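Welcome! Please take a look at the model first.

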Amino acid sequence: MAPDIMAESETCEFKKTLAELKEGVVSIAAILNKHGAGDLWFGIRNDGQPVGLEINEKTLRDVSQAVAAHIEPKIYPQIDAETIGGVTCIHIVFSGREVPYFAYGRAYMRVADEDRQMSAKTLEKLILSKNRDAL
């Protein structure tokens, strides 16, 4: 993807640094609950401008472990270092069909480019809909 056409959306989230890892994990759960798949990038500003990160094997492992430890049910995303605009960023591609997904014990839903905590009523509707579809 060329840097000049990248933009946040309901299925794509940008985080400038790994200091926003917790928010990124929440975004993954929110996107999964609404769309079932999406992309998360670390090292890209909200306006789509790549700023890059210092990345090594431990960095990728730390991101993978955060996703594994804090999203339920478990997902198995693809996590790669990618060069965009001459800088290295982390790209996470994820999908899942076992809604609802929880991050840090809470359910979230993606609205535009925001992650909102689900109300009890919305969560109930999501579970009832899933159970109805399973019959």
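The side chains of Glu13 and Lys15 are joined by a salt bridge with an N to O distance of 3.0 Å; a salt bridge puts a side-chain nitrogen of Lys or Arg within 4 Å of a carboxyl oxygen of Asp or Glu. This is a predicted model, in which local features need pLDDT of at least 70 and side-chain atom pairs count only at pLDDT 80 or more, while totals for chains, interfaces and linings use all residues. Residues are numbered from 1 along each chain as its sequence is written, and side-chain values use heavy atoms, leaving out hydrogens and water.

**Salt bridges**
- The whole structure holds 9 salt bridges.
- Glu13 and Lys15 are both buried (under 20% relative accessible area; exposed is over 50% and partly exposed in between, with a 1.4 Å probe and protein chains only).
- Arg110 pairs with Asp115, their closest N and O atoms being 2.8 Å apart.
- Arg110 is buried at 0% relative accessible area, whereas Asp115 is partly exposed at 24%.
- Salt bridges with shared partners link Glu13, Lys15, Arg110 and Asp115 into one network.
- Glu72 and Lys74 also meet in a salt bridge, at 3.0 Å from N to O.

**Helix H2**
- Helices are DSSP runs of H or I with at least four residues, and strands are runs of E with at least two, numbered from the N terminus.
- Thr59, Leu60, Val63, Ala66 and Val67 are the buried residues of H2.
- Their arc around the axis, taken from the directions to the C-beta atoms, is only 125°, so they lie on the same side of H2.
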